[in-house]
Every structure is written in structure tokens, then in C-alpha cells.
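The questions below go through one protein model, from its domains to its ligand and its backbone. Please look at the structure first.

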Amino acid sequence: MSVLGDVAEKLQNAKRVAVLTGAGISAESGIATFRGKGGLWERYDVEKLATPRGLKSDPAYFWEWFEGRRREMLGAEPNPGHRALAELEKLVESFTLITQNIDRLHQRAGSKNVLELHGNAFTIYCPRDGWRMETYEPLPSIPPFCQCGAVMRPDVVLFEEPLDEGTLRSAFLAAENAEVFMSIGTSAVVYPAAYLPVEAQRNGAFLIEINPEETPLTAIADAVFQQKAGEILPKIVEKLRG
Ligand SMILES: NC(=O)c1ccc[n+]([C@@H]2O[C@H](COP(=O)([O-])OP(=O)(O)OC[C@H]3O[C@@H](n4cnc5c(N)ncnc54)[C@H](O)[C@@H]3O)[C@@H](O)[C@H]2O)c1
Ligand SMILES: [Zn+2]
């Protein structure tokens, strides 16, 4: 049987499916990845833009960059890969989409059960009193301030910060219970997210990887598509529909 046919059959027979996505699934929407060729960290200073220290020492610089990224994400559209995953959710009894992305493109494509491991770019909160808001509008000031006078921060996980415990627990639960686990567009080197596919497979899941480049998962995955997510995912869903 072809790999595509095999994968469609596994999905067909699975009651519980979990998916992990990374920056690669949004690449075809025009959003830059972090590590790959032309990735953000080739062009920008991680220390200043993605650490709690950077935010604290120069909030205006941090927010000017971050607001630019927010506008870029809002200007982008979900691509066929995002849309195929939203379709797949409707075909599976229990479906959990775990994403490392902060761009909200999965939700805009129609995905419902989404765990945002790294938060999202559109919720901002006050680190002093916890006041939070969701906003898709251009920020009224850079940096944005809370009524209490403190500088607000985005509800994203910065470098060196821990992930939200509850979200992480739910993600591991979904991975451990999954009969099929798909790792899509992630370099699979950022922990703890990179443990999810490994844990899933250890607990019996059929592990599928979609990534045009090789990762540490490529050698252990049960099926590998070295292709763009936006090209192969619609084909998988089409095949599944039979
Ligand atoms: N869109 C976003 O929200 C966004 C953008 C950049 C980075 N991030 C952050 O990146 C960090 C984690 O790293 P990561 O693994 O998500 O990204 P990464 O940049 O480390 O890796 C991206 C991976 O996607 C692959 N890829 C590129 N184009 C692809 C395509 N069309 N289809 C499938 N795969 C493709 C690359 O080969 C690479 O392995 C997280 O902290 C996440 O929050 C998020
Ligand atoms: Zn405040």
C-alpha cells in the first residue's frame, strides 16, 4: 500500500488523533519560521526581542517589533494546510491540535480544539495586576500600558520562560492517548514540545511526520512526508474521505 493510503487508513480507524504543529505550517501563509533558512533569528537579536530581560530593558523596542509581527500575522491568511486540519477535526471522534504557533491561524481556519503551547500574540496582560485583554486592533501606544501604569506584555512564552502547566498537561494527555500522532512543520528540537511525538509513539501511537526537511523525528516516525504541509495535508484528508 502507498504511504498515503496507509496513513489514511490509520486515521480512518483512529478514535483519538493528536497533532503538533510548528512554525512550518504557517510558512506557506508567508509567516517566517524561527530557525530555518531566512528564519527570524537570522535577522533579529533573540536576546532583545524574545526574552523577559529584553522586554524589561527596552519595552518600546520589543513592542515595536512585536506589533509589527502582530500586523503581519493578521495580514496573513490560513493556508490549505490549516484548512485541512480543521476538516480533519470534523472527521475524527476526538481530535486535539497542539500548536507552538502564536499566530491564531488554526482558529481562523476553523479548528476548535486547539492547545496553544506558547500562548498567542493577541492576548496581552499586565504583569503587575494580571489585567488581560484580547485585541486585534493596532495598539493605542507602544509600549501598551495598563491603567495601573505598568507596561503590558503579550501572553506568549518568551525564551527561558516555562510553559503553562495546565496546557502542557492537556497536551501530554492527548499525546499519550492518541492512536495517531502527527508532527507537522516543527523542527522538533524545542523541549518540552519535542517530547510529545516521542511520548505518543511510546504509548502506541502511529507517528506521522510532515516536514520538507529532516528532523530528529524523521528516523523514528512510522510515516514521513518530506513535503510542504499545504500540499500533502489536503491530499490526506481527501483520501480519508475516500
Ligand atoms: N507562526 C508562528 O506563530 C511562529 C512563527 C515563528 C516561530 N514560532 C515559534 O517557533 C518555535 C518552535 O519552533 P518550531 O518548530 O515551531 O519552528 P522552527 O522555525 O524551529 O521550525 C520550522 C520547521 O518547519 C519546517 N517547514 C518549513 N516550511 C514548511 C512547510 N511548508 N510545511 C511543513 N514544514 C515546513 C522547517 O523545515 C522546520 O523544520 C516556537 O517557539 C513557536 O512559538 C511561531
Ligand atoms: Zn496593571
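Q: In this predicted model, how many residue pairs are in polar contact between domain 1 and domain 2?
A: The count takes in pairs in which both residues have pLDDT 80 or more. A pair qualifies when its N or O atoms lie within 3.5 Å. Between domain 1 and domain 2 the number of such residue pairs is seven.

Q: Which helices each supply at least two residues of the side of domain 1 that touches domain 2?
A: The side in question belongs to domain 1, the part assigned to 1–31 + 78–118 + 158–242. Two helices each give at least two residues to it: α2 (24–27) and α8 (105–109).

Q: How many nonpolar, polar and charged residues has the side of domain 1 that touches domain 2?
A: In all, 19 residues of domain 1 are in contact with 23 residues of domain 2. Sorted by class, the domain 1 side has nine nonpolar, four polar and six charged residues.

Q: What area do domain 1 and domain 2 bury between them?
A: The size of an interface is often given as the accessible area lost when the parts come together. Carbon and sulfur atoms carry 59% of the buried area here. The total for domain 1 and domain 2 is about 1,600 Å².

Q: Which residues of domain 1 lose the most area to domain 2?
A: Three residues together make up 41% of what the domain 1 side buries. They are Ile31, Leu158 and Phe159.

Q: Which residue forms a salt bridge with Arg53?
A: Side chains of opposite charge can pair when their charged atoms come close. Across the interface of domain 1 and domain 2 the rule finds three salt bridges. For Arg53, the closest N and O atoms of the pair are 3.1 Å apart, and the partner is Glu160.

Q: Where do Arg69 and Glu72, which meet in a salt bridge, both lie?
A: The N to O distance in the salt bridge of Arg69 and Glu72 is 3.9 Å, within the 4 Å cut-off. Arg69 and Glu72 are three residues apart, about one turn of the helix. The helix that holds both is α6 (residues 59–75).

Q: How far from an oxygen atom of ligand 1 does a polar side-chain atom of Ser187 lie?
A: Of the 25 residues around ligand 1, Ser187 is among those that come nearest, along with Gln100, Asp103, Thr186 and Asn211. The Ser187 atom concerned is on the side chain, and its distance to the ligand oxygen is 2.6 Å.

Q: Which residue has a polar backbone atom 2.9 Å from a nitrogen atom of ligand 1?
A: Backbone atoms also approach ligand 1: one of Gly24 is 3.5 Å from an oxygen atom of the ligand. At the ligand nitrogen, the backbone atom 2.9 Å away belongs to Ala229.

Q: In which loop is Pro143 placed?
A: Pro143 is joined to Ile142 by a cis peptide bond, with omega about -5°. The loop with Pro143 runs between β5 (132–134) and β6 (153–156).

Q: What is the phi of Arg104?
A: Arg104 is found in the loop between β2 (94–99) and α8. Arg104 is not a glycine, although its phi is positive, at about 65°.

Methods:
Residues numbered from 1 in each chain as written. Chains lettered and ligands numbered in written order. Predicted model: local features only at pLDDT ≥ 70, side-chain atom pairs only at ≥ 80, totals over all residues. Heavy atoms only, no water. Domains from an automatic or database assignment. Contact = heavy atoms within 4.5 Å. Buried area = accessible area lost by both parts, 1.4 Å probe. Salt bridge = Lys/Arg side-chain N within 4 Å of Asp/Glu carboxyl O. Polar contact = N/O pair within 3.5 Å; in protein donor to acceptor, adjacent residues only side chain to side chain. Helix = DSSP H or I, 4+ residues; strand = E, 2+ residues; numbered from the N terminus. Nonpolar A, V, L, I, M, F, W, Y, C, P; charged D, E, K, R; others polar. Near = heavy atom within 4 Å.
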